[in-house]
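Please have the structure open while reading.

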Amino acid sequence: MPKYFICSTAKLGFAGLILFACSIVNAQSLYQPDPAEVKARVKEVLRRFQLDGKASTQQSDQLITLQMKAETPGIEFRDRATMYLELYQLLYRLNGVSNPPQHILNVNAQMNAGVLGFYVSSGPVKPLETTTLAWGQLGHVEQRGHGPLAMVLIAPPGTDWTIYRTFMERNAARYTMFAVTLPGSGNTPLPAYPKFHDQAATPWWNSAQQGILGLIEKHKLVKPVIVGMQATAYLVARLALDNPDKIRAAVMIGGLARMPQASETDPDRQMTLAERRQSVSLRVLAMATDLYPPVTLATREGGEKLFQSFLKFFSPGMSRNPDRNKELFLMGAVDSSLQAVRYTNELMTTDLTDEFSKLTVPVLAITCDHDDGSVMQGSPDTAQWTEVKLRYPSIPLTISRFENSRVFATEDAPADLDHAVAAFVVGKPIEIKRAPALAVRPSPRASVEQQIGLTNVMIRYGRPQTKNREIWGKLVPWNRVWRAGANEATTITLSRDVLIEGQTLAAGSYSFFVIPSENDWTVVFNRVAHQWGAFNYNPDFDALRVKIKPRPAEMSEWLTYSFEPSEPKSAFLVLRWEKMKLALRITDSF
């Protein structure tokens, strides 16, 4: 499993970062749930989601009781997760689903238990301001620089404008910059909640978009460049798509076309936009997070305790600099509202893929390929934007991969970021070459190359070991897409057109997947060459599929690829692992 999917919401806010650390935080808390306040909160959420007329008195009382118990400080993570499991099951029933998807139910219950457990058990808390910001109002705007080109930089939820401070200092002569903190972050009030929940709407993002347009008008900015990171890359894309007359160019750092969300019926497929907007699971997740108590941490010490606990499990995926990583973590833990997770919930129901067909404003997507020590290694941003470019090759979308950079390229690759943005805004090529940073892996990287006729064929892959495990049908499930290796997706590169089992495949680089079954196996060549495993696999981009029957073979402890020439213009690409081998004929087509 890629580390990114262990806590995917970390890319879009603080909530997902603390899922696995919360169970060991045992500090005393001043928080105690107030029965009257919890009752009022439950009543308001039921009204907002238009379930107040459907919930019986008994169900409402049960929901209040479960929420009260879940907010009780000092209980074990396991007990809190059990309470959330019951709470989720009740929310599903209220939404008309009696048998929810168990894997989604379990993950979301544990996530909410971890997030809430941290806030009520890590130390003193303080109540949120009851006032909210009006429609179109931003949390805070900081102006820096005196350059000829206007630029608006939008900090993601859970951070404030200071994440751009060093960029603004370095580029003061290039740009006149306005750095924006979204409402709910950096100790600013939240936006107002919508009167009713609409799964197809994004009211908080709509308000932020209006706020940016108001900022442009107020300061009479002439077609500024808009920059966003992580979640606010969505806002940047929306501004470029919806307001091409007001935007010169847009830069998305570590952003996504859509949040990863597997289909509830097919785990090898991502939810469509229509499915996201109709998903009861996403609706229930939004309800559960709207039930969070209106408090935030009152002290830095509480955040520091969580950070130290978190390091026992994972290295947070914000920055490779340990000191800066800690400060960025604390910015989300102490200075931002827990309710700001609504920004993430709204993003879960969006997908920009189709909208990019109408793109006219130049957009730069800087994708971050994390090092092996990052919890967010395996981010799907490169794969997603590659898909968009493959769908619409003529749109003005430029993709620049930043290897060995975590989410905050502002911290890990400042010089390369400055160069990429400066070149992009004046229409010059971006030439960024960053070396990957790999640790010693249990499944080492390998490659093998063969000339077949006049064609050079190279395959790159990770080599897992059996380690006395049952492989076929167990570790590698039947009838599921498999990366045919370990870690990153296996890739194959062809210098010229070839025939694969008699079928033409054009020159280029492809992800190489296998779908094993108890009979014939399907070999897949997918045009999105840079992926992590098969977690971002999209069959819409398959270039070729062929069926091959595997054969018994001598024991191979390590997965191995090799070439076995059969004639001057033909060879077999052979995959061996455990007591199975698969031989694929490749023929030079000339």
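Is A484 buried or exposed? A484 is buried, at a relative accessible area of 0%; buried means under 20% relative accessible area, exposed over 50% and partly exposed in between, with a 1.4 Å probe and protein chains only.

## Basis of the values

This is a predicted model, in which local features need pLDDT of at least 70 and side-chain atom pairs count only at pLDDT 80 or more, while totals for chains, interfaces and linings use all residues. Residues are numbered from 1 along each chain as its sequence is written, and side-chain values use heavy atoms, with hydrogens and water left out.

## The loop between β11 and β12

A484 is found in the loop between β11 (455–462) and β12. Helices (H or I, at least four residues) and strands (E, at least two) are DSSP runs, numbered from the N terminus. Phi of A484 is near 55 degrees, a positive value in a residue other than glycine. N487 is placed in the loop between β11 and β12, and its phi, also positive in a residue other than glycine, is near 60 degrees.

W482 lies in this loop too, and W577 in strand β19 (residues 570–588), so their pair ties together parts that are 95 residues apart in sequence. The ring centres of W482 and W577 are 6.1 Å apart and the planes are at 10 degrees, so the pair is stacked. Rings of Phe, Tyr and Trp (its six-membered ring) pair if their centres lie within 6.5 Å; planes under 30 degrees apart count as stacked, over 60 as edge-to-face and the rest as tilted. W482 counts as buried at 9% relative accessibility, and W577 is buried at 2%.

## Other aromatic pairs

The structure holds 15 aromatic pairs. One of them, W204 with Y343, is edge-to-face, at 5.0 Å centre to centre and 65 degrees between the planes. W204 belongs to helix α7 (residues 203–218) and Y343 to helix α13, 139 residues apart. Both W204 and Y343 are buried. Y193, W204, W205, Y234 and Y343 form one aromatic cluster.

## Helix α10

Of the 11 residues of helix α10 (residues 280–290), 10 are buried. Among them are R283 and D290. The cover over these buried residues includes α2 (35–48), α4 (77–94), α5 (102–121), α9 (273–278) and α13 (342–347). At the start of α10, a side-chain oxygen of S279 comes to within 3.2 Å of the backbone nitrogen of S281.

Terms used
Contact = heavy atoms within 4.5 Å. Polar contact = N/O pair within 3.5 Å; in protein donor to acceptor, adjacent residues only side chain to side chain.
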